[in-house]
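Let us take a walk through this structure together, one region at a time. Have the sequence and the 3D view ready before we set off.

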Amino acid sequence: MRKPLVLRHPSILVFLAVLAVFTVGVTILSTGYGTGVISTSMVKTLGKTLCLALAAVAMDLVWGYAGILSLGQMAFFALGGYMIGMWLMVARTETIVTGSLANLPIPPTAAEINQAVATQIFGVVGSDQFPAIWFLSGSLIGQLALVVLVPGLLALVFGWLAFRSRVNGVYLSILTQAMTLALALYLFQNDSGLRGNNGLSGLQNIPGLDAVPQESLSIWFFWASAVALGLGYLLVSWVASGKFGSVTRAIRDDEARVRFLGYSVESYKLVVFTLAAVITGIAGALYYPQAGIINPAELAPIASIYLAVWVAIGGRGRLYGAVIGAIVVSMLSSWFTGGRAPDVNLGFYTIKWVDWWQVLLGLSFVLVTLFAPKGISGIFDALAHLRPPRRGGTPLGPDMGALQEREAVE
Amino acid sequence: MRSIVLVLALLALVLPLSARAQTADLAGVIAQYRDQIEKPSRQTVEPVVAAIAATGPQGAALLQAWGDRLLGLRKSDGRLVIAAPEGDALHLTDAATGADLGPAPEDQVTLLRPNSGVRGLISAAMAGSALSDPDPKRRAEALEALSRKGDAAQLGLLRQAMDDPDPTLAARKQRLERLLTIQYDTDPAARIAAMQSFGGDTSLEFRASLNPILTTRRVALETIPADANVADELAVGSDIPRDAAYAMLVDAGLAPARLTPQAERATLAQHIVNGMVGGVPVIELGDEAARDRAYTALEGQGLVQPAASEDEVTAALDRFHFLDVYAEPNADVTAAARAALRGTETRIGLMQAADLSLDALSLASIYFLAAIGLAITFGVMGVINMAHGEFIMMGAYTGYVVQQFISDKTISLIVALPLAFAVTFAAGVALERLVIRHLYKRPLETLLATFGVSIALQQLAKNIFGTQARPLTSPGWLDGALTFNDIVSISYIRIAIFVLALVFLGLYLFIMNRTRLGLEVRAVTQNPGMAASMGISPDRINMLTFGLGSGIAGIAGVAIGLFAKVTSELGSDYIVQSFMTVVVGGVGNIWGTLAGAALIGFLQKGIEWFNPANTLAAQTYMILFIIIFIQFRPRGIIAAKGRAAVGA
């Protein structure tokens, strides 16, 4: 009998243990449930970072394992956020509107409440009607289903179109980038039905939980994010470890050969792509209630590229690498751009990190790509004495971009 | 001044009786409007001016003086005088009669000072007399004023001044006369003839003269009067929504208002008695059926006005005719105007298509310019350079910096173009040497590494030049537009970009097909190993090719900077479209890039034409189209074939 998954891959157990310790630690130090060393806004930042880490894990699945450099992952992330945001906004506006209408001498009808909610939400874009896509917005269950369905369906349709016509490599990257750009431009319109560039706001107030202070709410969301990350990590590890994972990696390294062996390459890619989109959508649905606001700028192509940057810096093909990359880079980024990093005085010029962080990030990214393709997880490999075999410069294989050597040691 | 009086005197001879009679009126007019003349206001002075102008030559002289701020009041007796400066003193003439009153010192007269609005009205009224001025420039000005704002009175003046020694002005007068005839002539036959004389003329002024005739007013009438010039009878439900039609009746007071939910609610709130409304408990009124029950009960008690029921609404709508009625009473005139307007429509449609094509062509040139450098680095070498947009930005900033040192815009442009090439060529070579050379076997990582370069360069530009847009001013000779007619026009700057795109196309073809470098580039692209064994250094060639592609991006940057805002985000605005252009066109083929740019440019303008208000939607649909297009031609419009395909 085969050993359980976590025993075959001890790194999963280590990761889950570290995540658990981290979660407990933050809870003990938090304002809501502990000593108050960590402020509520910091807890929110940490919770959001865990959601980004989950998105990075999904990115690693499509890129590190299946070799699809998708530059549109944040589209799924934002769609997940929009779907949950619709319910949050409607439910909360409904409580407010019902409260104010209750003061009138005649009790309001359902149609009047609906009308008032619509006016309240869509007044900024000059409308007083619910667009058709909000038909489920009154139901939490419905919108939660959409969190999974909308990114999943988008990925399914897009992936099916792209994979069946054998769009590969950089073409696919550019196409995914175009997809997220098109979606962002569409959502920027006022008549897109999602409030144009105003986006959805006030998402940090959870309807029905008005009595719960933000200190506790932030911790709840932090827990939910940690659980989602743990489960997502387990799921992706499971997918990537078995026979399915082997075929996926084979597709990455030599798609044509796998096809000749009789595997349906397109189906494998489609499953991976759609699964990753669903996970990313769930991550987004947990992220935006903590961020409080979502607007179409979240879908800008640059956001998806940053996701790729995190995974690359953390280390592709290593799930913990993706998590480490996302956490390290996004935390560093907020530290530098938050103005907390000390300025460096060179005598003739003072380096303000707010201005120079992007330059540093860009250059370090170039350096990592050039000199440490394994990223941060390369350190763990070195500790475990995993080294690629020396081939003395012989070609790696038919696909010049393949990483068989590194894969061979896992 | 004297000549005007002369001309008006001649006019007076032509129309002796009426003119003499009017002259006699001037004193009366002055007396009538004395207050208005002394303290004129733009809103009320128009009839005064018209009345004075109608009195003849002396009235015109008065108006001229008034407009020139030479009309005054003699302090001794309050008489209205025209004051002509004569040395230090003023020479006075009686404004009403033209009688010479002799010189007077300046402090004897209070000059009236009408504001510019009033003087504008006066000069419009004066235009009539200026039409026969011997100075062609003044005649042209007068015609210009007339074409902007003419009226029935001026039509008469124009007709008397039709002879013109200058053939251009004579033609212009003819045309204006017909335009004014269409609008103001009292004889319908003359108006129709004037309309027909224009044929299929598409000019704005002709259409503008027809439009007032065709303006309609929407009315609801029980019986259609026999003399009404009806444009259209509207069928309720299809031409006009039921609600809108009934609202018209309510607004006109022809029918009782319908009960809106708001009104029902307010009325019910007024009749709450002991927590009940019409016998229905208030607590139950959160339901429409319950509200209706309560309202019916109130109606039964006679407490509220009965609201119009559905049957009454239907009956009222059946009783009335809803009409669009022309303001113009004569049906023949409106029919002719409609026919004339319809006659112009086809030609206008064609011209709009031509204008749209010009727009699309210039957009295509912009995309082509932005993409041609990419066609070399990505298309020929297969290197994904995400920093390509930043090279465009560097070119634009180079142009801006050069303008800081050289103030003459033409010279600075001539300097900036090669300098931008040099700067971005150097940057491209550096990027190739330092980064891309090590990643030729890892295309996806090239994408990411050059993206790192791209964000670093963007931030650097922000640190150096700030976040606000910098101006890159085009030389004066590129201002303005080439105008073919009222509809078709294209700005010179767009023509320049089109020409530049053509030049680059020629340059690319020359370098690739006619020079040693091009030969070597093609050789290295197809088979680097074989090329190396023939004595070509692939390293050197790759470096030069990449530099060339980047340098062209720099020049494109200068061109784009001339019409777009130069910011650090300039490049990223174009990068996705540039890649699209190359991918859609077909990698590795300049004609493909050209076709791709043309397709995207025309497509985007075409979609914008369907939905002009929304360029965002146009871009969205264009990208969607491209995604779908790639499904059917994954290798682009012009796919590379044979050995070149293997290389690319």
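Is Arg166(A) buried, partly exposed or exposed? Bear in mind as we look that this is a predicted model. Arg166(A) has 13 C-beta neighbours inside 10 Å, so it counts as partly exposed; the buried class would need 20 or more, and the exposed class 12 or fewer. You can find Arg166(A) in the loop that links helix 6 (140–164) to helix 7 (169–188) of chain A. Its backbone deserves a glance too: Arg166(A) has a positive phi of about 55 degrees, although it is not a glycine.

Further along chain A there is another arginine to visit. Arg195(A) is not a glycine either, yet it has a positive phi of about 65 degrees. This residue sits in the loop between helix 7 and strand 1 (200–201) of chain A. Arg195(A) has 25 C-beta neighbours inside 10 Å and therefore counts as buried.

The largest nonpolar core holds 210 residues, and the members that touch the most others are Ala56(A), Val57(A), Ala308(A) and Leu369(B). Helix 15 (residues 331–380) of chain B gives this core its largest share, 17 residues. Apart from this core lies another, of 56 residues, which includes Val48(B), Leu71(B), Leu176(B) and Ala194(B). To see one neighbourhood in detail, centre your view on Val57(A). Leaving aside residues up to four places away in sequence, Val57(A) touches Gly232(A), Tyr233(A), Val236(A), Leu319(A), Ala322(A) and Val323(A).

Where do the two chains meet? Here 45 residues of chain B are in contact with 43 residues of chain A. On the chain B side, helix 12 (261–270), helix 18 (443–465), helix 23 (570–585) and helix 25 (615–632) each give two or more residues. The largest share, 14 residues, comes from helix 18 of chain B. Sorted by class, this side of chain B has 30 nonpolar, nine polar and six charged residues.

Staying with chain B, the domain assignment gives domain 1 (2–130), domain 2 (217–326) and domain 3 (350–647). The centres of domain 2 and domain 3 of chain B, taken over C-alpha atoms, are separated by 62 Å.

Next, look down the axis of helix 11 (residues 242–251) of chain B. The buried residues of this helix are Ala245(B), Tyr246(B) and Leu249(B). Just after the helix, Gly253(B) takes a positive phi of about 75 degrees.

Our last stop is a set of strands in chain B. Strand 1 (residues 71–74) pairs with strand 2 (residues 80–86) in the antiparallel sense over three bridges. Leu71(B), which we met in the core of 56 residues, stands opposite Ile82(B) in strand 2. This hairpin has five residues between its strands, and Gly78(B) takes a positive phi near 70 degrees. Strand 2 of chain B is also joined to strand 3 (residues 89–94) of chain B, by six bridges, and these two run antiparallel. Here Ala83(B) has Leu92(B) in strand 3 as its bridge partner. In this second hairpin, with two residues between the strands, Gly87(B) takes a positive phi near 65 degrees.

Terms used: Residues are numbered from 1 along each chain as its sequence is written. Chains are lettered from A and ligands numbered from 1 in the order in which they are written. This is a predicted model: local features need pLDDT of at least 70, side-chain atom pairs count only at pLDDT 80 or more; totals for chains, interfaces and linings use all residues. A nonpolar core is a set of buried Ala, Val, Leu, Ile, Met, Phe, Trp, Tyr and Cys residues joined through C-beta atoms within 7 Å. Helices (H or I, at least four residues) and strands (E, at least two) are DSSP runs, numbered from the N terminus. Two residues are in contact if their C-beta atoms, placed from the backbone, lie within 7 Å. Ala, Val, Leu, Ile, Met, Phe, Trp, Tyr, Cys and Pro count as nonpolar, Asp, Glu, Lys and Arg as charged, and the others, Gly among them, as polar. Domain bounds come from an automatic or database domain assignment. Two strands pair if DSSP finds at least two bridges between them.
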